Amino acid sequence: MDKLIKRLKELSIQVPLEENFDWEFPVSPINIPENIDGTYFKNIYLKKNFNKVLQNDLNLENHYWIIQEWGGIKSLKQNDRNDEKINKFKKQLPTGKLTKEIFNLISSFSKLASFIKPNKYAIYDSRAIYSLNWLLFNFTDETELYPQPSGRNPKLSQYDLSTIFNLTKKDITYKSHKTAYFEYCEFLKFLSKKVYDEDKPYKIEMLLFLIAPTKIIECIEKKTTITINV
């Protein structure tokens, strides 16, 4: 674990969040003070203040704003079926276990959780899990990794980690859908304390998201070679 923490500290210096987190910021339902500039600081302000809006959002309009507008997942439309799934997710969060049906939408629903309780929950998406699994594989002895949601990044799709891991002949397994999200959030809080000296999980999650198509892909290309005998 020490090697992983050391590498994350190096990456946090190489890729400072304040300068590199350029997540497109849509028009927000809440006012952002004019003195808060830059997408990183606007997003931090939103995480700290948007939960008040969600508490009174009975028709889930602002829940869908997070998923569709802020999160960019337009495919999750508001309808009775998806309303029911969001409410199921919110009920399952305090239990520490998710059903398979809900975990299948974790990329979308974890965005909600990260605004409901930003000090406890982080976003669990394809890029963050891709980075974390590669770093765990390379810098720890851990063989139980996190199930990776499907993603849209073309660079990541060129290097399927499951295939790479299988070729190493290591006995890699994946955490259960029931608890993977909660274990992930707790682990990120631990890593954030070590790397950023604060236990808010979203900073490490932002770093993992940023480095997936850059630092992680560069590392994969340097360390991975395949010889095909014909």
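**View 1. Helix 9, end to end in a predicted model.** Helix 9 runs over residues 126-139, with helices taken as DSSP runs (H or I, at least four residues) numbered from the N terminus. Its 14 residues, at 1.5 Å each, should span 20 Å, and the end C-alpha atoms do sit 20 Å apart, so the two agree; the expected span is 1.5 Å times one less than the number of residues. This is a predicted model, where local features need pLDDT of at least 70, side-chain atom pairs count only at pLDDT 80 or more, and totals for chains, interfaces and linings use all residues. Residues are numbered from 1 along each chain as its sequence is written, and side-chain values use heavy atoms, leaving out hydrogens and water.

View 2. Twelve of its 14 residues are buried, so the rest of the structure largely encloses helix 9 (buried: under 20% relative accessible area, 1.4 Å probe, protein chains only). Among them are Ser126, Arg127, Tyr130, Trp134 and Phe137.

**View 3. Leu208 and the largest nonpolar core.** This core (buried Ala, Val, Leu, Ile, Met, Phe, Trp, Tyr and Cys joined through side-chain atoms within 4.5 Å) holds 72 residues, and Leu208 is one of the five that touch the most other members, along with Tyr124, Leu132, Tyr181 and Tyr184. Leaving aside residues up to four places away in sequence, Leu208 touches Leu8, Arg127, Ala128, Ser131, Leu132, Leu135 and Leu188 (contact: heavy atoms within 4.5 Å).

Conventions
Helices (H or I, at least four residues) and strands (E, at least two) are DSSP runs, numbered from the N terminus. Buried means under 20% relative accessible area, exposed over 50%, partly exposed in between (1.4 Å probe, protein chains only).
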